[in-house]
Amino acid sequence: MSLKCKIPRGTFDILPSESYKWQYITKVFRETSRNFNYREIVTPIFESAGLYERSVGNTSDIVQKEMYKFRDKKGRIFALRPEGTAGIVRAFVENNLDMKNNSSKLYYIGPMFRYERPQKGRYRQHYQYGIENIGSSEPFIDAEVISFGYYFLKKLGLENFKLEINSIGCPNCSQDYNNALVEYYKPYFDDLCQDCKIRIEKNPKRLLDCKVPKCKEISRNAPSMLSYLDDDCREHFDKVQEFLTKINIAFKINPKIVRGLDYYSRTAFEFIDTNLGAQNTLIGGGRYDGLVEQIGGKNIPGIGFAGGFERLILSMETEGVSFGSEQNPDYYLVCLGEKAKDFSLNLLTKIRNAGISVESDFEKKSIKAQMKAADKSNAKYSLILGEDEISQNKIVLKNMKTGDQESILMDNLIEKLH
Ligand code: HAM
(Lines give C-alpha, C1' and ligand atoms only; values in the text may rest on other atoms or scores of the structure.)
Protein backbone atom coordinates (compact mmCIF):
# COMPACT_ATOMS: atom_id res chain seq x y z
CA MET A 1 0.00 0.00 0.00
CA SER A 2 1.40 3.42 -0.91
CA LEU A 3 1.49 6.17 1.71
CA LYS A 4 -0.56 9.30 1.12
CA CYS A 5 1.61 12.42 1.10
CA LYS A 6 0.35 15.39 3.09
CA ILE A 7 0.92 19.09 2.54
CA PRO A 8 3.32 20.68 5.08
CA ARG A 9 1.68 22.37 8.08
CA GLY A 10 1.04 26.06 7.54
CA THR A 11 0.96 25.80 3.73
CA PHE A 12 -1.98 25.49 1.36
CA ASP A 13 -2.85 24.69 -2.23
CA ILE A 14 -4.42 27.39 -4.34
CA LEU A 15 -7.05 25.30 -6.10
CA PRO A 16 -8.56 26.20 -9.51
CA SER A 17 -11.79 27.28 -7.79
CA GLU A 18 -9.78 29.90 -5.83
CA SER A 19 -6.98 30.86 -8.19
CA TYR A 20 -9.05 33.48 -10.01
CA LYS A 21 -9.10 35.52 -6.80
CA TRP A 22 -5.29 35.52 -6.73
CA GLN A 23 -5.17 36.42 -10.40
CA TYR A 24 -7.58 39.29 -9.85
CA ILE A 25 -5.56 40.78 -6.98
CA THR A 26 -2.35 40.36 -8.99
CA LYS A 27 -3.95 42.12 -11.96
CA VAL A 28 -5.11 45.10 -9.86
CA PHE A 29 -1.71 45.28 -8.15
CA ARG A 30 0.11 45.28 -11.50
CA GLU A 31 -2.25 47.97 -12.81
CA THR A 32 -1.61 50.13 -9.74
CA SER A 33 2.14 49.61 -10.20
CA ARG A 34 1.79 50.75 -13.79
CA ASN A 35 -0.12 53.87 -12.69
CA PHE A 36 2.66 54.76 -10.24
CA ASN A 37 5.43 53.68 -12.67
CA TYR A 38 6.82 50.83 -10.57
CA ARG A 39 8.48 48.03 -12.54
CA GLU A 40 8.64 44.39 -11.56
CA ILE A 41 11.70 42.81 -9.99
CA VAL A 42 12.04 39.09 -9.37
CA THR A 43 14.69 37.89 -6.94
CA PRO A 44 15.55 34.35 -5.76
CA ILE A 45 13.37 32.49 -3.27
CA PHE A 46 16.52 31.78 -1.23
CA GLU A 47 19.43 34.01 -0.33
CA SER A 48 22.38 33.68 1.99
CA ALA A 49 21.07 33.56 5.57
CA GLY A 50 23.56 36.30 6.47
CA LEU A 51 21.64 38.78 4.31
CA TYR A 52 18.61 38.53 6.59
CA GLU A 53 20.71 38.44 9.75
CA ARG A 54 22.30 41.77 8.75
CA SER A 55 19.15 43.50 7.52
CA VAL A 56 16.00 42.12 9.15
CA GLY A 57 18.18 41.85 12.24
CA ASN A 58 19.57 39.30 14.65
CA THR A 59 17.19 40.32 17.42
CA SER A 60 14.03 40.11 15.29
CA ASP A 61 11.62 37.19 15.72
CA ILE A 62 11.99 36.48 12.02
CA VAL A 63 15.73 35.80 12.26
CA GLN A 64 15.71 34.31 15.74
CA LYS A 65 12.82 31.90 15.42
CA GLU A 66 11.20 31.87 12.02
CA MET A 67 13.78 31.39 9.29
CA TYR A 68 13.88 28.25 7.19
CA LYS A 69 17.66 27.90 7.17
CA PHE A 70 19.54 25.16 5.39
CA ARG A 71 22.99 24.15 4.24
CA ASP A 72 23.65 23.32 0.59
CA LYS A 73 25.97 20.52 -0.46
CA LYS A 74 28.99 22.75 -0.09
CA GLY A 75 28.03 23.77 3.44
CA ARG A 76 26.91 27.31 2.55
CA ILE A 77 24.08 28.55 4.77
CA PHE A 78 21.00 29.83 2.98
CA ALA A 79 17.50 30.80 4.05
CA LEU A 80 14.17 30.70 2.26
CA ARG A 81 13.29 34.35 2.04
CA PRO A 82 11.16 35.44 5.00
CA GLU A 83 10.45 38.80 3.31
CA GLY A 84 11.21 40.65 0.10
CA THR A 85 12.99 43.90 0.96
CA ALA A 86 16.43 42.50 1.87
CA GLY A 87 16.72 40.53 -1.38
CA ILE A 88 15.61 43.49 -3.46
CA VAL A 89 18.09 45.83 -1.80
CA ARG A 90 20.79 43.18 -2.36
CA ALA A 91 19.81 43.07 -6.06
CA PHE A 92 19.73 46.89 -6.19
CA VAL A 93 23.29 47.09 -4.90
CA GLU A 94 24.66 44.15 -6.88
CA ASN A 95 23.23 45.42 -10.18
CA ASN A 96 23.97 49.14 -9.58
CA LEU A 97 20.32 49.92 -10.16
CA ASP A 98 20.86 53.47 -8.92
CA MET A 99 22.75 54.08 -12.20
CA LYS A 100 20.02 52.65 -14.44
CA ASN A 101 16.90 54.33 -15.79
CA ASN A 102 13.53 53.54 -14.26
CA SER A 103 15.08 51.08 -11.83
CA SER A 104 14.51 52.59 -8.43
CA LYS A 105 10.76 52.03 -8.18
CA LEU A 106 10.29 48.30 -7.91
CA TYR A 107 7.39 45.96 -7.27
CA TYR A 108 7.31 42.27 -6.50
CA ILE A 109 4.90 39.43 -5.95
CA GLY A 110 5.82 36.06 -4.53
CA PRO A 111 5.96 33.55 -1.71
CA MET A 112 7.72 34.22 1.61
CA PHE A 113 8.52 31.67 4.31
CA ARG A 114 8.30 32.04 8.07
CA TYR A 115 8.17 29.30 10.67
CA GLU A 116 5.25 30.79 12.59
CA ARG A 117 2.37 29.23 14.48
CA PRO A 118 -0.20 28.82 11.71
CA GLN A 119 -3.61 30.38 12.17
CA LYS A 120 -6.21 32.21 10.08
CA GLY A 121 -4.31 34.79 8.02
CA ARG A 122 -0.89 33.52 9.13
CA TYR A 123 0.96 30.79 7.27
CA ARG A 124 4.42 29.29 6.96
CA GLN A 125 4.40 29.92 3.23
CA HIS A 126 2.50 33.10 2.48
CA TYR A 127 2.37 35.33 -0.57
CA GLN A 128 3.23 38.99 -0.58
CA TYR A 129 2.79 41.87 -2.98
CA GLY A 130 5.08 44.79 -2.26
CA ILE A 131 6.88 47.87 -3.54
CA GLU A 132 10.25 49.45 -2.81
CA ASN A 133 11.17 53.01 -3.70
CA ILE A 134 14.94 53.40 -3.36
CA GLY A 135 16.77 56.68 -3.72
CA SER A 136 14.89 59.50 -2.06
CA SER A 137 14.47 60.71 1.50
CA GLU A 138 11.81 63.26 0.53
CA PRO A 139 8.71 63.05 2.74
CA PHE A 140 6.70 63.49 -0.44
CA ILE A 141 7.82 59.97 -1.43
CA ASP A 142 6.62 58.59 1.92
CA ALA A 143 3.18 60.03 1.18
CA GLU A 144 3.27 58.66 -2.37
CA VAL A 145 4.24 55.16 -1.23
CA ILE A 146 1.48 55.22 1.39
CA SER A 147 -0.99 56.48 -1.21
CA PHE A 148 -0.08 53.54 -3.47
CA GLY A 149 -1.23 51.17 -0.69
CA TYR A 150 -4.34 53.22 -0.10
CA TYR A 151 -5.42 53.38 -3.75
CA PHE A 152 -4.64 49.70 -4.26
CA LEU A 153 -6.97 48.69 -1.41
CA LYS A 154 -9.60 51.16 -2.66
CA LYS A 155 -9.33 49.85 -6.22
CA LEU A 156 -10.12 46.40 -4.90
CA GLY A 157 -13.30 47.86 -3.43
CA LEU A 158 -12.31 47.73 0.25
CA GLU A 159 -13.76 50.29 2.65
CA ASN A 160 -13.19 48.88 6.14
CA PHE A 161 -9.56 49.62 6.68
CA LYS A 162 -7.61 52.32 8.44
CA LEU A 163 -4.13 53.75 8.10
CA GLU A 164 -1.88 54.14 11.12
CA ILE A 165 1.46 55.90 10.94
CA ASN A 166 4.38 56.56 13.22
CA SER A 167 7.94 57.79 13.12
CA ILE A 168 10.51 55.58 14.78
CA GLY A 169 13.25 58.18 14.30
CA CYS A 170 16.80 57.61 13.17
CA PRO A 171 19.87 56.21 14.99
CA ASN A 172 20.61 59.75 16.17
CA CYS A 173 17.37 60.14 18.11
CA SER A 174 16.93 56.46 19.01
CA GLN A 175 19.68 56.40 21.61
CA ASP A 176 17.94 58.67 24.11
CA TYR A 177 14.64 56.96 23.45
CA ASN A 178 16.07 53.50 24.03
CA ASN A 179 17.55 54.69 27.32
CA ALA A 180 14.17 56.10 28.34
CA LEU A 181 12.49 52.81 27.49
CA VAL A 182 14.98 50.79 29.50
CA GLU A 183 14.41 53.10 32.48
CA TYR A 184 10.66 52.71 32.10
CA TYR A 185 10.63 48.91 31.83
CA LYS A 186 13.30 48.18 34.48
CA PRO A 187 10.91 48.16 37.46
CA TYR A 188 8.64 45.69 35.61
CA PHE A 189 11.50 43.38 34.56
CA ASP A 190 10.30 40.33 36.51
CA ASP A 191 6.81 40.59 35.00
CA LEU A 192 8.01 40.69 31.38
CA CYS A 193 7.84 37.62 29.13
CA GLN A 194 11.09 35.76 28.38
CA ASP A 195 11.41 37.39 24.95
CA CYS A 196 10.97 40.89 26.37
CA LYS A 197 13.62 40.21 29.02
CA ILE A 198 16.03 39.79 26.10
CA ARG A 199 14.52 42.65 24.10
CA ILE A 200 15.10 45.14 26.91
CA GLU A 201 18.80 44.53 26.52
CA LYS A 202 19.09 44.06 22.77
CA ASN A 203 16.30 46.12 21.19
CA PRO A 204 14.07 47.93 23.70
CA LYS A 205 11.72 49.35 21.01
CA ARG A 206 10.53 45.84 20.27
CA LEU A 207 8.97 45.71 23.76
CA LEU A 208 6.23 48.02 22.51
CA ASP A 209 5.23 45.45 19.93
CA CYS A 210 4.89 42.42 22.25
CA LYS A 211 1.53 40.67 22.01
CA VAL A 212 1.73 38.96 25.45
CA PRO A 213 -1.14 40.51 27.52
CA LYS A 214 0.99 41.31 30.56
CA CYS A 215 3.68 43.03 28.44
CA LYS A 216 0.97 44.88 26.52
CA GLU A 217 -0.47 46.14 29.78
CA ILE A 218 2.97 47.30 31.00
CA SER A 219 3.59 49.04 27.66
CA ARG A 220 0.49 51.17 27.97
CA ASN A 221 2.26 54.10 29.65
CA ALA A 222 5.66 53.65 28.05
CA PRO A 223 7.30 56.84 26.73
CA SER A 224 6.53 57.68 23.11
CA MET A 225 9.19 57.84 20.42
CA LEU A 226 7.50 60.97 19.12
CA SER A 227 8.72 62.93 22.15
CA TYR A 228 12.31 61.95 21.30
CA LEU A 229 12.46 62.74 17.58
CA ASP A 230 15.30 65.08 16.63
CA ASP A 231 14.52 68.21 14.59
CA ASP A 232 15.07 66.58 11.19
CA CYS A 233 12.97 63.53 11.98
CA ARG A 234 10.22 65.68 13.49
CA GLU A 235 10.14 67.92 10.40
CA HIS A 236 10.10 64.87 8.12
CA PHE A 237 7.19 63.34 10.00
CA ASP A 238 5.26 66.63 10.00
CA LYS A 239 5.69 66.88 6.24
CA VAL A 240 4.49 63.30 5.67
CA GLN A 241 1.34 64.15 7.61
CA GLU A 242 0.89 67.40 5.72
CA PHE A 243 1.13 65.64 2.33
CA LEU A 244 -1.24 62.84 3.35
CA THR A 245 -3.74 65.46 4.48
CA LYS A 246 -3.32 67.31 1.18
CA ILE A 247 -4.24 64.20 -0.79
CA ASN A 248 -7.15 63.43 1.52
CA ILE A 249 -5.81 60.21 3.00
CA ALA A 250 -7.02 59.87 6.56
CA PHE A 251 -4.59 58.47 9.11
CA LYS A 252 -4.13 58.01 12.81
CA ILE A 253 -0.82 58.41 14.58
CA ASN A 254 -0.02 55.27 16.53
CA PRO A 255 3.26 55.64 18.49
CA LYS A 256 3.19 51.89 19.24
CA ILE A 257 3.94 50.90 15.63
CA VAL A 258 7.58 49.82 15.70
CA ARG A 259 7.45 47.06 13.02
CA GLY A 260 9.12 43.72 13.58
CA LEU A 261 12.16 44.21 11.33
CA ASP A 262 15.32 46.03 12.36
CA TYR A 263 16.01 47.97 9.18
CA TYR A 264 13.34 50.62 9.69
CA SER A 265 13.93 54.30 10.40
CA ARG A 266 11.60 57.31 10.45
CA THR A 267 8.20 56.63 8.85
CA ALA A 268 6.49 53.34 9.73
CA PHE A 269 2.91 52.58 8.70
CA GLU A 270 0.26 49.90 8.61
CA PHE A 271 -3.08 49.47 6.88
CA ILE A 272 -5.33 47.62 9.29
CA ASP A 273 -8.54 45.82 8.50
CA THR A 274 -11.18 46.89 10.98
CA ASN A 275 -13.19 43.63 10.61
CA LEU A 276 -10.54 40.93 10.80
CA GLY A 277 -9.47 39.40 14.11
CA ALA A 278 -5.90 38.90 15.33
CA GLN A 279 -4.09 38.92 11.96
CA ASN A 280 -5.52 42.21 10.78
CA THR A 281 -2.51 44.02 9.28
CA LEU A 282 -3.19 44.10 5.56
CA ILE A 283 -0.09 46.08 4.66
CA GLY A 284 3.02 46.97 6.65
CA GLY A 285 5.88 49.18 5.60
CA GLY A 286 8.23 51.98 6.29
CA ARG A 287 11.47 53.77 5.59
CA TYR A 288 14.85 52.03 5.69
CA ASP A 289 17.36 54.82 5.12
CA GLY A 290 20.39 52.87 6.34
CA LEU A 291 19.70 49.53 4.67
CA VAL A 292 21.35 49.99 1.26
CA GLU A 293 24.61 50.98 2.93
CA GLN A 294 24.30 48.18 5.46
CA ILE A 295 24.11 45.68 2.60
CA GLY A 296 27.26 47.06 1.04
CA GLY A 297 25.89 49.83 -1.19
CA LYS A 298 26.06 53.61 -1.15
CA ASN A 299 24.33 55.75 1.41
CA ILE A 300 20.96 55.68 -0.38
CA PRO A 301 17.61 55.91 1.46
CA GLY A 302 14.53 53.82 0.71
CA ILE A 303 10.93 53.16 1.65
CA GLY A 304 8.40 50.46 0.80
CA PHE A 305 5.65 48.18 1.98
CA ALA A 306 4.31 44.68 1.61
CA GLY A 307 0.98 42.98 2.18
CA GLY A 308 -0.21 39.41 2.33
CA PHE A 309 -2.58 37.97 -0.27
CA GLU A 310 -4.23 35.64 2.24
CA ARG A 311 -5.43 38.39 4.58
CA LEU A 312 -6.48 40.54 1.66
CA ILE A 313 -8.66 37.72 0.33
CA LEU A 314 -10.21 37.21 3.77
CA SER A 315 -10.84 40.91 3.98
CA MET A 316 -12.41 41.06 0.51
CA GLU A 317 -14.59 38.05 1.29
CA THR A 318 -15.72 39.61 4.58
CA GLU A 319 -16.67 42.84 2.81
CA GLY A 320 -18.28 40.91 -0.05
CA VAL A 321 -16.38 42.75 -2.79
CA SER A 322 -16.00 41.20 -6.22
CA PHE A 323 -12.99 39.21 -7.43
CA GLY A 324 -14.14 39.43 -11.04
CA SER A 325 -15.45 36.16 -12.42
CA GLU A 326 -14.12 32.65 -12.35
CA GLN A 327 -12.54 31.45 -15.58
CA ASN A 328 -15.01 29.50 -17.70
CA PRO A 329 -14.84 28.55 -21.39
CA ASP A 330 -16.84 30.80 -23.73
CA TYR A 331 -17.86 27.91 -26.00
CA TYR A 332 -18.33 24.16 -25.62
CA LEU A 333 -18.17 22.02 -28.74
CA VAL A 334 -20.58 19.08 -28.81
CA CYS A 335 -19.95 16.46 -31.53
CA LEU A 336 -22.44 13.89 -32.76
CA GLY A 337 -20.86 10.81 -34.33
CA GLU A 338 -17.36 9.80 -35.34
CA LYS A 339 -17.20 12.00 -38.43
CA ALA A 340 -17.95 15.12 -36.36
CA LYS A 341 -15.34 14.10 -33.78
CA ASP A 342 -12.71 13.80 -36.51
CA PHE A 343 -13.73 17.13 -37.96
CA SER A 344 -13.64 18.78 -34.56
CA LEU A 345 -9.88 18.35 -34.14
CA ASN A 346 -9.12 20.95 -36.78
CA LEU A 347 -12.10 23.06 -35.83
CA LEU A 348 -10.98 23.38 -32.19
CA THR A 349 -7.49 24.38 -33.30
CA LYS A 350 -8.91 26.99 -35.67
CA ILE A 351 -11.14 28.51 -32.96
CA ARG A 352 -8.37 28.52 -30.33
CA ASN A 353 -5.83 30.01 -32.72
CA ALA A 354 -8.31 32.84 -33.33
CA GLY A 355 -7.93 33.65 -29.60
CA ILE A 356 -11.29 32.24 -28.54
CA SER A 357 -11.77 29.95 -25.57
CA VAL A 358 -13.42 26.65 -26.40
CA GLU A 359 -13.74 23.34 -24.58
CA SER A 360 -14.76 19.89 -25.77
CA ASP A 361 -14.81 16.40 -24.37
CA PHE A 362 -13.87 13.34 -26.35
CA GLU A 363 -14.96 10.91 -23.66
CA LYS A 364 -18.67 11.51 -23.55
CA LYS A 365 -20.57 9.77 -26.33
CA SER A 366 -24.26 10.74 -26.14
CA ILE A 367 -25.53 14.21 -26.96
CA LYS A 368 -27.27 14.25 -23.56
CA ALA A 369 -24.00 13.57 -21.73
CA GLN A 370 -22.16 16.18 -23.80
CA MET A 371 -24.86 18.85 -23.27
CA LYS A 372 -24.72 18.13 -19.53
CA ALA A 373 -20.94 18.59 -19.61
CA ALA A 374 -21.38 21.84 -21.57
CA ASP A 375 -23.78 23.06 -18.91
CA LYS A 376 -21.41 22.10 -16.07
CA SER A 377 -18.51 23.89 -17.74
CA ASN A 378 -20.46 27.17 -17.44
CA ALA A 379 -19.76 27.92 -21.12
CA LYS A 380 -22.00 30.70 -22.40
CA TYR A 381 -22.67 28.93 -25.70
CA SER A 382 -22.42 25.44 -27.09
CA LEU A 383 -21.51 24.64 -30.68
CA ILE A 384 -23.23 21.55 -31.97
CA LEU A 385 -21.77 19.60 -34.85
CA GLY A 386 -23.36 16.51 -36.47
CA GLU A 387 -23.00 14.76 -39.80
CA ASP A 388 -25.78 16.90 -41.36
CA GLU A 389 -24.00 20.08 -40.35
CA ILE A 390 -20.72 18.84 -41.80
CA SER A 391 -22.35 18.00 -45.12
CA GLN A 392 -23.99 21.46 -45.22
CA ASN A 393 -20.81 23.20 -44.06
CA LYS A 394 -22.71 24.58 -41.07
CA ILE A 395 -22.68 24.44 -37.26
CA VAL A 396 -25.36 25.12 -34.63
CA LEU A 397 -24.72 27.85 -32.05
CA LYS A 398 -26.80 27.52 -28.89
CA ASN A 399 -27.15 30.09 -26.13
CA MET A 400 -26.90 28.01 -22.93
CA LYS A 401 -28.90 30.47 -20.87
CA THR A 402 -31.87 31.17 -23.17
CA GLY A 403 -31.78 27.94 -25.19
CA ASP A 404 -31.98 30.01 -28.42
CA GLN A 405 -30.11 28.46 -31.29
CA GLU A 406 -29.16 29.34 -34.83
CA SER A 407 -27.41 27.59 -37.67
CA ILE A 408 -24.38 29.42 -38.99
CA LEU A 409 -22.18 28.94 -42.00
CA MET A 410 -18.79 27.43 -41.13
CA ASP A 411 -17.06 30.12 -43.23
CA ASN A 412 -18.50 32.85 -40.97
CA LEU A 413 -17.86 31.00 -37.74
CA ILE A 414 -14.81 32.84 -36.37
CA GLU A 415 -16.30 36.22 -37.19
CA LYS A 416 -19.51 35.21 -35.42
CA LEU A 417 -17.74 33.84 -32.32
CA HIS A 418 -15.61 36.95 -31.74
P1 HAM B 1 5.92 42.44 7.37
O2 HAM B 1 5.05 43.33 8.20
O3 HAM B 1 6.73 41.43 8.07
O4 HAM B 1 6.82 43.38 6.48
O5 HAM B 1 5.01 41.68 6.32
C6 HAM B 1 4.21 42.41 5.41
C7 HAM B 1 2.81 41.83 5.36
O8 HAM B 1 2.88 40.46 4.95
C9 HAM B 1 2.04 41.78 6.66
O10 HAM B 1 1.45 43.02 6.92
C11 HAM B 1 1.02 40.71 6.39
O12 HAM B 1 -0.05 41.23 5.60
C13 HAM B 1 1.81 39.74 5.52
N14 HAM B 1 2.37 38.63 6.32
C15 HAM B 1 3.52 38.62 7.04
N16 HAM B 1 3.73 37.42 7.59
C17 HAM B 1 2.70 36.63 7.22
C18 HAM B 1 2.34 35.26 7.45
N19 HAM B 1 3.10 34.45 8.16
N20 HAM B 1 1.20 34.79 6.88
C21 HAM B 1 0.43 35.59 6.12
N22 HAM B 1 0.72 36.88 5.88
C23 HAM B 1 1.83 37.40 6.40
C24 HAM B 1 7.71 42.96 5.57
O25 HAM B 1 7.82 41.83 5.19
C26 HAM B 1 8.51 44.08 4.96
N27 HAM B 1 9.45 43.51 3.99
C28 HAM B 1 7.60 45.10 4.32
C29 HAM B 1 8.35 46.23 3.71
C30 HAM B 1 8.64 46.39 2.42
N31 HAM B 1 8.87 47.24 4.36
C32 HAM B 1 9.50 48.05 3.51
N33 HAM B 1 9.38 47.52 2.32
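**Ground rules.** I am working on a predicted model, where local features need pLDDT of at least 70, side-chain atom pairs count only at pLDDT 80 or more, and totals for chains, interfaces and linings use all residues. Residues are numbered from 1 along each chain as its sequence is written, and side-chain values use heavy atoms, with hydrogens and water left out.

**Entry 1: the 3-strand sheet.** I took helices (H or I, at least four residues) and strands (E, at least two) as DSSP runs, numbered from the N terminus. I counted two strands as paired if DSSP finds at least two bridges between them. I found an open sheet of 3 strands in the order E2-E4-E3, with antiparallel pairing. Its edge strands are E2 (46-48) and E3 (69-71), each pairing on one side only. Neighbouring strands are turned by 35° against each other on average, direction ignored. I defined axes as lines fitted to C-alpha atoms, for helices over the stretch in contact, with angles from 0 to 180 degrees between N-to-C directions. Helix H2 (residues 49-57) packs on this sheet and touches E2, E3 and E4. Its direction makes about 75° with that of E2. Contact here means heavy atoms within 4.5 Å. I then checked E3 against E4 (residues 77-80) and got antiparallel pairing over 3 bridges. Arg-71 has Ile-77 in E4 as its bridge partner.

**Entry 2: the 8-strand sheet.** I read the order as E1-E5-E6-E11-E10-E9-E7-E8, an open sheet with mixed pairing. E1 (39-40) and E8 (252-253) are the edge strands. Helix H5 (residues 139-155) packs on this sheet, touching E5, E6, E7, E9, E10 and E11. The direction of H5 makes about 10° with that of E9. E6 and E11 pair in the antiparallel sense over 7 bridges. Gln-128 has Gly-308 in E11 as its bridge partner.

**Entry 3: the ligand.** I counted a residue as near if one of its heavy atoms lies within 4 Å. The ligand is surrounded by 29 residues, and the closest are Glu-83, Glu-116, Glu-132, Arg-259 and Tyr-264. I looked at the glutamates next. A side-chain N or O atom of Glu-83 is 2.6 Å from a ligand nitrogen atom. For Glu-116, a polar side-chain atom lies 2.5 Å from a nitrogen atom of the ligand. For Glu-132, the distance from a side-chain N or O atom to a ligand nitrogen is 2.8 Å.

**Entry 4: the shell.** E6 (125-134), E10 (281-287), E11 (302-308) and helix H11 (309-319) each give two or more residues to the shell around the ligand. E10 gives the most, with 6 residues.

How values were computed. A polar contact is a pair of N or O atoms within 3.5 Å; within protein, one must be able to donate a hydrogen and the other to accept it, and residues adjacent in sequence count only if both atoms are side-chain atoms.
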